[in-house]
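Please keep the sequence and the structure in view while reading.

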Amino acid sequence: LLAPWEGRFGTFEGDAFRARAMEAYVGVPGMNALARHLAADLDVRVGRRVTRLARGAAGWTPALEEGPELGPFDRVVLAVPAAQAAPLLGDHPFAARAAEVRVDASLTAMVAYPAALGLPFDAARDAAGGLAWMARETSKPGRPGLGDGGLEAWTLQAGPALSAAELELDKAAIAERLHGLFAERVATLGLSVPEPALAMGHRWRFAQTRAPLGEACLWDGAEGLGVCGDWCLGDRLEHAFRSGRAMAGRLLGAG
């Protein structure tokens, strides 16, 4: 399910690239492998938007945007971005706590090329540039690469300032904008990138937590209501895992 990503990592400092050691693990064959494994024996429903939570004598009843109500349930856990959790919490004190959290958006693009770019890194950070993160997905273990008849795929993520300024670009424009920044950054190394064979943009509104909650999770045992997420602790996948584990501990302790 997990494997070390033994790539070449580094950072851009101005126009200079510095190699940096980094320990990283990824899901195999994809980042959702761990979630799929943990959910294998669960009844998971997707594509169902909950618009309201109501608590009655029999328990919690989530109302859906489309379709009948679900439940009732003894306990409810919200594991969604803070901005989406707050309105569902209604007048519960947890709503105010979630509203205090500050999260930055991130414009993201996946671009793919029919040939190797020959760059001196597989992943790089650039805190001062328009692109904060560039990663060669095909360098990760378990991913199909050029030798498997695939493409050389890169994930590009804009920094918070650019993402906030251009958040409402459509998906095609996001991909074009980020690929242009990627080409400019690569040009500082005396190299170039061709037009991608495939380019997809994504608007990620709740991406990088700037001001976290400061607690691993929130749990109201009397109401049977819990809230968790990466935003409770920080902005990394590890924070999401730690928050979820803490939430599980509260639920198991509740009996």
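Of the contacts (heavy atoms within 4.5 Å) between residues at least 6 apart in sequence, 63% join residues at least 24 apart. The model is predicted, so local features need pLDDT of at least 70 and side-chain atom pairs count only at pLDDT 80 or more, while totals for chains, interfaces and linings use all residues. Residues are numbered from 1 along each chain as its sequence is written, and side-chain values use heavy atoms, leaving out hydrogens and water.

**Overall build**
- The chain has six helices and 14 strands; helices (H or I, at least four residues) and strands (E, at least two) are DSSP runs numbered from the N terminus.
- Along the principal axes, the C-alpha atoms fill a box of roughly 70 × 35 × 35 Å.
- Of the 255 residues in the chain, 39% are buried; buried means under 20% relative accessible area, exposed over 50%, and partly exposed in between (1.4 Å probe, protein chains only).
- The chain exposes about 14,100 Å², of which carbon and sulfur atoms supply 54%; accessible areas come from the Shrake-Rupley method with a 1.4 Å probe, and for residues only the protein chains shown count as cover.

**Strand pairing around E2**
- Strand E2 (residues 9-13) runs parallel to strand E9 (residues 123-125), joined by three bridges; two strands pair if DSSP finds at least two bridges between them.
- E2 is also joined to strand E3 (residues 16-19), by four bridges, and these two run antiparallel.
- Gly10 stands opposite Ala124 in E9, and its bridge partner in E3 is Ala19.
- The hairpin of E2 and E3 has two residues between the strands, and Gly14 there takes a positive phi near 70°.

**Salt bridges**
- The count comes to 17 salt bridges, each being a side-chain nitrogen of Lys or Arg within 4 Å of a carboxyl oxygen of Asp or Glu.
- Arg8 and Asp122 form a salt bridge, with their closest N and O atoms 3.0 Å apart. This pair links distant parts of the chain, 114 residues apart: Arg8 is in the loop between strand E1 (2-4) and E2, and Asp122 is in the loop between strand E8 (102-113) and E9.
- Arg8 is partly exposed at 40% relative accessible area, whereas Asp122 is buried at 5%.
- Arg8 and Asp122 also belong to a network of salt bridges with Arg136 and Glu152.
- Another salt bridge joins the side chains of Asp104 and Arg210 (3.0 Å, N to O). Asp104 in strand E8 and Arg210 in strand E12 (residues 198-211) are 106 residues apart.
- Asp104 is buried, with a relative accessible area of 18%, while Arg210 counts as exposed at 53%.

**Cysteines**
- A search of the whole structure finds zero disulfides, a disulfide being a pair of cysteine sulfur atoms within 2.5 Å.
- For Cys217, the nearest cysteine sulfur is that of Cys232, 6.8 Å away; Cys217 is buried, with a relative accessible area of 4%.
- For Cys228, the nearest cysteine sulfur is also that of Cys232, at 6.6 Å; Cys228 is buried, with a relative accessible area of 7%.

**A surface patch**
- Leu42, Val44 and Val46 form a nonpolar surface patch with about 320 Å² of accessible area together. Patches are made of residues with over 30% relative accessible area and no salt bridge, with like charges joined within 9 Å and nonpolar side chains (Val, Leu, Ile, Met, Phe, Trp, Tyr) within 5 Å.
- Leu42 lies in the loop between helix H1 (33-38) and strand E5 (50-56), and Leu42 is exposed, with a relative accessible area of 54%.
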